[in-house]
Amino acid sequence: MSVMYICGGRPLEGEVAVQGAKNSVLPILAACLLADGPVVLEHCPRLSDVTAALDILTHLGCRVRQEGHMVTVDPQGASGCALSERQTRAMRSSIMFLGPLLARMGRASLAYPGGCELGPRPIDLHLSAIRALGCEALEEGGRICCRGHPAGGEIRLALPSVGATENAMLCAVGAAGESVIQNAAREPEIVDLQNFLNTLGARVRGAGSGVITVEGGRPLSGGRYTIMGDRMAAATLLSAAASAGGHVVLRGVDWRHLSTVLEVFHRAGCRVRSREDRVELKRDPDCPLRGVDLIRTAPYPGFPTDAQAPVMAALAAARGSTCFLETMFDSRYRHVVQLRRMGADITVAGRLARVRGVEQLHAAAVTAQDLRGGAALAVAALGARGESILSGLHHVDRGYEALEDVLRQLGGCVRREEAGRTQPA
Ligand code: UD1
């Protein structure tokens, strides 16, 4: 078991480059199946979810190489179309292989991804999207079996689901004819996927708006692409600086992707500066944060659900109260019990969490219950009095590359202990 020791109360100072975006790289890795030559991805974060996606690609017959932050996927020998139960469950984004497998093989078989730590995560919109493109999707004995070569069509999503939009795009790229996705999600990672596909020769337009048009049936070549910066990792580091105080500069992230998060920190009393691909946050450690009334999560361009937990952790020691309304997922307050162990005063009623700021959090032994909630506990610990011990790091490793190293680069007193091995602080 790995644990992180975090000694709070030391301001964060310095500049770091933000990792590549987890939520971009996962659909892009699945999309590599559509190419007819090697694809080189740069700025690819080293995450356990990326390892799981590479494992699936290898299993399907691709040749895969990972060197530092560069990943090469050669899909030319790919012939598999079934994912095992272990592969499907290792990562919820395994569902992203559905569209590309249908487009390439005309068949796909996956175990049912089921629920996850955020509560039930249905896939009905993914299935209705591929059905709208003329494919058959049956759920049999806990597996999803799909077949048919996709044809162009109109997909009208009942909700702007990020994953269903991406799956629809990937299936439509392989369909003969034009497809239109209505009520598409607008997240920046969908624009990154469009840019990637177009780099390989696809014709996709409209990503970032609610209507995406795909001219399908064009062969996709290999190519080279650089993954965008991770706005959620950036939001977490900004939350850490807001929690501990200090002055951090983040490079390699588009500030416009973070505007709702930056607005919250501005209202909480931080000095925020941004230009192009740099974001800066400054908070005087002697001047506490202020509560910000209400934060309501919403699809992009609203306040991101993935930033809810880290921002809550920072505001747990603000002067005044903040209410959070989580509209995206049922079970996204599992960090609250852990934050309470550190002295936070938070009550939850359904989708509403009320945070009454306390003067300072104190150290505790806490356990990550999910990815963003785990990062939130690190954020809280950096602002707390004393040394906290954070376990459950396998959740954090899904989406953050060496979080302890990044926090240490910013002057945080953080060390990680892997079964019997200790890193220097
Ligand atoms: C993606 C992100 C995740 C983020 C979420 C919302 C990735 C790899 N993950 O997840 O970090 O928190 O967007 O911004 O990109 N829904 C259905 N039926 C479906 C699909 C979704 O009802 O078939 C519902 C979900 O239960 C949820 C809402 O739609 O309530 C939004 O989910 P969705 O946008 O699909 O999230 P993901 O793509 O899974």
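**Entry 1: elements around the ligand**

I looked up which helices line the ligand in this predicted model. Helix H5 (124-132), helix H6 (162-173) and helix H10 (305-315) each give at least two residues to the shell around the ligand. H5 supplies the largest share, three residues.

I then listed the shell itself. The ligand is surrounded by 18 residues. I noted the closest ones as Asp-124, Leu-125, Ser-161, Asp-306 and Met-328. Sorted by class, the shell holds seven nonpolar, six polar and five charged residues.

Where does the ligand lie relative to domain 1 and domain 2? I checked the bounds, which come from an automatic or database domain assignment. Domain 1 takes in 2-18 + 229-422, and domain 2 covers 22-226. Both domains give residues to the shell, so the ligand lies between them.

**Entry 2: polar atoms at the ligand**

For Asp-124, a polar side-chain atom is 2.7 Å from a nitrogen atom of the ligand. For Leu-125, I found a polar backbone atom 2.7 Å from an oxygen atom of the ligand. For Met-328, a polar backbone atom lies 2.5 Å from an oxygen atom of the ligand. I also looked up how much of the ligand is covered: alone it exposes 740 Å², and the protein buries 85% of that.

Strand E14 (residues 246-251) and strand E16 (residues 278-283) run antiparallel and are joined by six bridges. Gly-246 has Arg-283 of E16 opposite it.

**Entry 3: the three-stranded sheet**

Another open sheet has three strands in the order E6-E8-E7, and here the pairing is antiparallel. I noted strand E6 (107-111) and strand E7 (136-140) as the edge strands, each pairing on one side only. Neighbouring strands of this sheet are turned by 15° against each other on average, direction ignored.

How many bridges pair E6 with strand E8 (residues 143-147)? I count five, in the antiparallel sense. Leu-110 has Ile-144 as its bridge partner in E8.

**Entry 4: strand E22 and its partners**

I looked up what strand E22 (residues 387-391) pairs with. Strand E1 (residues 3-7) runs antiparallel to E22 and is joined to it by four bridges. Within this pair, Tyr-5 is bridged to Ile-389 of E22. Strand E21 (residues 365-367) runs parallel to E22, with three bridges between them. There, Ser-391 in E22 stands opposite Thr-367. As a reminder to myself, strands of a sheet pair through backbone hydrogen bonds, either parallel or antiparallel.

**Entry 5: strand E12 and its partners**

E10 pairs with E12 in the antiparallel sense over six bridges. Ile-181 has Ile-212 as its bridge partner in E12. Strand E11 (residues 203-205) also runs antiparallel to E12, joined by three bridges. Arg-203 is bridged to Glu-215 in E12. E11 and E12 form a hairpin with five residues between the strands. In this hairpin, I found Gly-206 with a positive phi near 100°.

**Entry 6: backbone exceptions**

I ended with the backbone. Most residues other than glycine have a negative phi, and most peptide bonds are trans. Which residue has a positive phi although it is not a glycine? I found Asn-183, with a phi of about 60°. Asn-183 sits in the loop between strand E10 (177-182) and helix H7 (188-199).

Is the peptide bond from Tyr-300 to Pro-301 cis or trans? I find a cis bond, with omega near 10°. The loop that holds Pro-301 runs between strand E17 (293-296) and H10. H10 is one of the helices I had listed at the ligand in my opening entry.

Conventions
Residues are numbered from 1 along each chain as its sequence is written. This is a predicted model: local features need pLDDT of at least 70, side-chain atom pairs count only at pLDDT 80 or more; totals for chains, interfaces and linings use all residues. Side-chain values use heavy atoms; hydrogens and water are left out. A residue is near a molecule or strand if one of its heavy atoms lies within 4 Å of it. A polar contact is a pair of N or O atoms within 3.5 Å; within protein, one must be able to donate a hydrogen and the other to accept it, and residues adjacent in sequence count only if both atoms are side-chain atoms. Accessible areas come from the Shrake-Rupley method with a 1.4 Å probe; for residues, only the protein chains shown count as cover. Ala, Val, Leu, Ile, Met, Phe, Trp, Tyr, Cys and Pro count as nonpolar, Asp, Glu, Lys and Arg as charged, and the others, Gly among them, as polar. Two strands pair if DSSP finds at least two bridges between them. Axes are lines fitted to C-alpha atoms, for helices over the stretch in contact, and angles run from 0 to 180 degrees between N-to-C directions.
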